Amino acid sequence: MTEPAAAVTPVWVLDAMCLSHFARAERLDVLRDLLVDKECWTTQVVLEELRQGAAVHPVLSDVLAGDWFKVAHLDTLDEVRLFAIWVSRIGSGERDLGEASVFAAAELRSATAITDDQGAVRVARTYGLDVHGTIWLLAGACRDGKLSEPAAGSIVDALRVTGLRLPCTGAELPGYARLHGLL
Amino acid sequence: MIVKIESGNRRIDAMELVRLSSALQVPVDFLLRSTPLVLSRRTGVVTEEADTEVAREAGRLDLALVAWLHEVQQLIELGVLQPGPLLRAETPVNSQTAARELALWVRKQLGMDLEAIDSLAEMCERAGQYVLVTHVRGEGASVVEGDVAVAVVSLEGDPGRRRATAAHELGHLVVGDEYSSDLGVHASRADREALLDAFAAELLLPSQVLTEERGAAEAISRDQLIGLAARYRISWSLALRQAAHAGVLSAQARRDWGRSAPTRSEFMEAVGWAPQPDLEAVRVPPRYAHAVMEAWRRGLLTAARAVELMHGQITAADLPAGAEAYLAP
């Protein structure tokens with residue numbers, strides 16, 4: 001008789017865009033609750049980007065104080081090398097460095113990277129990384145029964161107000177998610 | 001700190017690497033890739049002392065050169081750029097006369113006769129050398145690493161000088177490695193640089209062009225020389241030097257004409273137009289630029305990275321829209 005396979009906890013690495021817009025929309029606690037059954041990571045580079053951003057948006061300090069995610073420092077030679085490889089694919093602008101660090105951390109952990117930067121998503125997928133955006137995250141929460149569709153829609157609208165570019169409005173979310181097989 | 005990192009006594013994390021590369025003004029991967037041992041540099045005389053302005057300039061030039069080498073290597077590793085064979089002299093070049101003959105041989109190898117070189121970046125690329133024109137002090141530098149040859153040319157200074165520098169750096173490639181050629185053993189650095197200047201001058205404006213322009217006259221006229229300088233897009237000083245070498249200009253005329261370069265109105269009068277600068281809007285070689293675009297189209301690079309690799313030749317707005325529209329969520 002074989003032992004039942006142990007449930008594997010999904011590992012996700014969140015980028016600055018995801019964390020900062022949830023914080024600015026005052027929904028950081030919602031994000032934390034939605035991801036409670038995930039092993040969540042972000043990177044030191046992302047936190048540094050948010051630290052800089054806190055000068056303009058003080059609410060970003062809430063992210064820095066968070067204890068529900070782990071922080072990848074990328075501090076072994078192999079990790080730093082992988083980070084540099086991703087920088088050479090994504091770019092070296094401030095936001096690009098954050099994305100590159102997220103992809104390096106995700107690759108090292110065979111994890112899912114979460115970002116809504118479409119240019120970065122396209123490149124990361126070319127190299128075989130599992131990358132998804134906020135709509136995928138919220139639709140998944142609806143599918144798992146953690147969030148109602150209207151509640152997810154209201155989060156989408158709140159995030160759009162903060163300037164996050166998303167492919168649908170809150171009202172369009174159910175239709176969009178079904179179109180892409182997420183619901 | 002670097003010594004400690006190298007010896008394994010200190011770890012560096014991604015954030016420190018970013019800060020370090022920012023302070024040194026080099027790409028993030030610069031400190032992690034190998035650095036070629038031998039670089040050639042066309043600049044002032046570099047002294048042994050590190051803390052001089054000239055040495056610092058030379059250091060920056062070397063950093064720019066190695067960073068450029070890494071960029072070319074990245075495109076090769078991605079499979080979007082196939083470096084062609086390097087054009088190398090078949091016999092040792094140990095005199096200015098031999099260097100001038102070599103320049104004509106290079107022209108022939110690249111399918112050119114005596115016509116003006118339209119784009120020097122394109123010509124160098126066909127000879128196997130990728131030239132980057134960039135904001136860096138000094139004049140130029142080049143290196144060969146394996147089967148990849150690259151050069152950087154400073155955007156500062158006049159356009160004619162830039163072409164001369166690019167041609168000089170091509171000379172380094174074609175003549176051969178400075179420390180492995182016969183020349184390097186016997187000749188001083190100054191002699192070797194003079195030899196490469198002769199190569200560059202003959203490549204840009206072959207002496208035969210000057211003698212043909214003079215025709216049956218005793219000497220070339222100033223208007224004729226201005227016309228050649230415009231068509232061959234060379235500096236006035238190089239035109240005078242080549243004319244003197246070709247024997248179509250007296251020593252007195254060289255001195256007199258050398259006191260002032262032709263003005264725009266003199267160019268207009270002599271040829272009806274003012275020369276357009278080479279190596280200005282075009283910062284990277286054409287096949288390299290195509291490779292960057294190909295890498296971007298295939299999703300191997302973001303638009304932001306593609307723009308970085310194009311060194312100011314394009315902006316994000318120049319890239320076709322649509323490739324980075326919303327993808328599957």
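Which residues of helix α11 in chain B are buried? W236(B), L238(B), A239(B), L240(B), Q242(B), A243(B) and A246(B). Buried means under 20% relative accessible area, with a 1.4 Å probe and protein chains only. Helices are DSSP runs of H or I, at least four residues; strands are E runs of at least two.

Ground rules. This is a predicted model, where local features need pLDDT of at least 70 and side-chain atom pairs count only at pLDDT 80 or more, while totals for chains, interfaces and linings use all residues. Residues are numbered from 1 along each chain, chains are lettered from A in the order written, and side-chain values use heavy atoms, without hydrogens and water.

Back to α11(B). Its buried residues pack against partners in chain B including α4, α6 and α8. Contact here means heavy atoms within 4.5 Å. Just after the helix, G247(B) has a positive phi of about 75°.

Now chain A. An open sheet of 5 strands runs β3-β2-β1-β4-β5, with parallel pairing. Strands pair if DSSP finds at least two bridges between them. The edges are β3(A) and β5(A), each pairing on one side only.

Finally, the interface. Chain A brings 40 residues to the contact, chain B 30 residues. About 2900 Å² is buried between them, 60% of it from carbon and sulfur atoms. That is accessible area (1.4 Å probe) lost on putting the two parts together, summed over both. There is 1 salt bridge between the chains. E48(A) and R19(B) form a salt bridge at 3.7 Å, N to O. The cut-off: a Lys or Arg side-chain nitrogen within 4 Å of an Asp or Glu carboxyl oxygen.

Note on methods. Buried < 20%, exposed > 50% of the residue type's maximum accessible area, 1.4 Å probe, protein only.
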